[in-house]
Amino acid sequence: MIDYRRLRIALLGAGAVGSQVAALLLKHGDELADRAGAALELAGIAVRDPDAPRDADLPHELFTTDAETLILGADIVIELIGGIEPARSYLLQAIGSGADVVTANKALLATHGPELFDAADQVGAQVYYEAAAAGAIPIIRPLRDSLAGDRVNRIMGIVNGTTNYILDRMDTEGADFDDVLAQAQALGYAEADPTADVDGFDAAQKAAILASLAFHTTVPLEAVYREGIRHIDAGIIASARRAGYVVKLLAVCERVTGEHGDAISVRVYPALVDRQHPLASVHGANNAVFVEAEAAGPLMFYGAGAGGVQTASAVLGDLVSAARRHVAGGVGVGESTYANLPILEVGRVTTRYQITLDVDDRPGVLAELAGILSDGNVSIATVEQTLREDGVSARLVIGTHKAVEQDLSGTVERLAASGVVERVVSVLRVEGD
Ligand code: NDP
Ligand code: HSE
C-alpha cells in the first residue's frame with residue numbers, strides 16, 4: 001500500500017448530503033486516496049446535535065459541536081450546513097487558515113460568492129462547488145474548465161427538481177398543484193420551506209451561479225428576474241399541450257448581442273418548451289442543463305439534481321480535485337469575471353409569447369385585439385379559439401412572433417383594459433427556438 005501524504009478533512013454538517021459524504025468517504029477512502037494521490041482522513045464532523053439520528057451509520061466519536069477547532073486543523077473543509085450563517089463565517093475562517101473549501105451551498109454562493117472567491121484569491125486557496133447547481137450533474141466543471149476555450153451563448157436549465165416533479169405530474173397525469181407539492185415534500189425533494197422551490201428562488205440562485213461562470217461576469221442574485229409556478233393550473237397545462245408544448249420552470253442565461261456589444265440576461269420563469277426539445281423529456285424530479293456554445297453547439301447535461309447520496313457524488317468529486325491540488329501545490333484558480341458584461345432588465349429581452357385570453361364571442365372582437373397587438377409592435381403567429389361552456393365567451397390562445405418584453409407587457413395591459421377581454425388567463429414565454 002502506498003504511503004500517501006495525509007490530508008485532514010473537516011466536514012461541517014451531516015444532514016441529507018453530509019451524512020452520505022461521510023459514509024462514502026469512510027467506505028471508499030482507499031480508492032479515493034489512489035485517485036487523489038493523498039490519504040483523505042475524515043478528522044471530524046461538526047453538527048448541532050451529535051446525538052441526533054443520521055441517515056448513515058457513522059462513528060459517534062467523529063461528531064463535534066466545535067466547528068471552529070475542527071476547521072483550524074483541516075487541509076480541506078467541506079461545508080454542508082446550508083444557509084448563510086454560520087456557513088459563511090466558517091468558510092471564511094477555513095480559507096483564512098489556508099484550507100481549500102468544498103460547498104454545495106447555492107444560497108451562500110449566489111449572495112456571497114464574490115466575498116468567498118476574493119478571500120480565496122488572497123491566500124491562493126480554491127473554492128469548489130460542483131454540487132451547488134443541479135446536484136449530481138457535472139455542470140460547474142464543464143462550464144469552468146471544459147468550455148473555457150469556447151463561448152457560451154445560452155443556457156436553459158431545469159435546475160429545480162421539485163417544480164419539475166410538480167409540472168411533470170400535472171402534465172402527464174392531470175394532477176392538482178397542491179396534491180403534487182405535498183408529495184414532493186414527502187419525497188424529500190422540496191426545500192424545508194417549499195416557497196424556495198415553487199416561487200423560483202432556488203432556481204434563481206442556481207441561475208446566478210451558472211450565468212456567472214458561463215459569461216465570466218459576476219451575476220448578483222438581485223439581477224436574476226424570477227417568477228414561480230403557483231399560477232400554473234390544469235387549464236394552462238392543457239392548452240400548452242394542445243399547442244405542442246410542455247410547461248417547464250426554466251433558468252435561462254443568455255448572451256444578447258446588440259449594436260453596443262454583448263450583454264446578458266438571466267431569468268427564471270415557467271416557459272413553454274416544444275415537446276420535441278430535449279428539455280421536454282426531462283421527467284420527475286430530474287434536472288437538465290442545455291448549453292449552447294459557439295463551437296461545441298448544443299450540449300445537454302442530465303441527471304439527479306437533488307438527493308443526499310446523489311449530491312454526495314459531486315461533493316466527493318470536488319474533494320478529490322481539492323486533494324490533487326494540495327498534492328500538486330500551487331495557487332488556486334480564481335473565478336473568471338473579466339468580461340463584466342452588462343445585465344439586461346427583463347423588459348429588454350426578446351422572446352416569443354403565448355397569451356391566453358377569455359373574450360366576448362361577438363363580431364369584431366378578433367379585429368379589435370389584432371389592432372391592439374399591432375399597435376404594440378407584437379406580431380401574431382397563431383390563434384386558437386374555443387367556445388367556452390357559457391356559450392357567450394371564447395378562450396383565445398394567441399401565439400406571437402418574437403417581441404420585446406416591455407412591448408409585450410404594455411400590450412397585454414391594453415388588451416386587459418379593452419372592453420372585449422374578460423380576463424387575461426396567462427402570458428407565458430416560449431423558449432428553446
Ligand atoms: P440538512 O438540513 O439535511 O443538514 C444540515 C446539517 O447542518 C445538519 O447535519 C445540521 O446539524 C448541520 N448544522 C446546521 N446548523 C449548524 C451549525 N450552526 N453548526 C454546525 N452544524 C450545523 O441539509 P442538506 O444536507 O439537505 O443540505 C446541505 C447543503 O447541500 C445545503 O447548502 C443545500 O442547499 C445543498 N444541497 C442539498 C441538496 C439535497 O438534495 N439535499 C442538493 C444540492 C445541494 P444537525 O444534524 O445536528 O441538526
Ligand atoms: N429543493 C431543490 C430541488 C433541492 O427541488 O431541486 C436541490 O437543490
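How many nonpolar, polar and charged residues does the lining of the second largest pocket have?

## Basis of the model

This is a predicted model, in which local features need pLDDT of at least 70 and side-chain atom pairs count only at pLDDT 80 or more, while totals for chains, interfaces and linings use all residues. Residues are numbered from 1 along each chain as its sequence is written, chains are lettered from A and ligands numbered from 1 in the order in which they are written, and side-chain values use heavy atoms, with hydrogens and water left out.

## Domains

The domain assignment, which is automatic or taken from a database, divides the protein chain into domain 1 (7–135 + 308–328), domain 2 (140–304) and domain 3 (346–431). The centres of domain 2 and domain 3, taken over C-alpha atoms, are separated by 25 Å, and 19 residues of domain 2 are in contact with twelve residues of domain 3, contact meaning heavy atoms within 4.5 Å.

## The second largest pocket

The lining of the second largest pocket has 13 nonpolar, ten polar and eight charged residues; here Ala, Val, Leu, Ile, Met, Phe, Trp, Tyr, Cys and Pro count as nonpolar, Asp, Glu, Lys and Arg as charged, and the others, Gly among them, as polar. The volume of this pocket is about 580 Å³, and of its 31 lining residues the closest to its centre are F117, Y129, L213, E335 and S336. A pocket is an open set of points on a 1 Å grid over the protein atoms alone, where a 1.4 Å probe fits, with protein on both sides within 12 Å along at least five of seven lines, and lining residues have an atom within 4 Å of a point; the volume is the space filled by probe spheres set on the points, which are joined across faces, edges and corners.

Helices α5 (106–123), α6 (140–146), α10 (201–215) and α12 (308–328) each supply at least two lining residues, with α5 giving the most, eight; helices are DSSP runs (H or I, at least four residues) numbered from the N terminus. Because domain 1 and domain 2 both give residues to the lining, the pocket lies between them.

## A buried asparagine

N164, found in helix α7 (residues 161–173), counts as buried because its relative accessibility is 1%, where buried means under 20% relative accessible area with a 1.4 Å probe and protein chains only.

Key. Buried means under 20% relative accessible area, exposed over 50%, partly exposed in between (1.4 Å probe, protein chains only).
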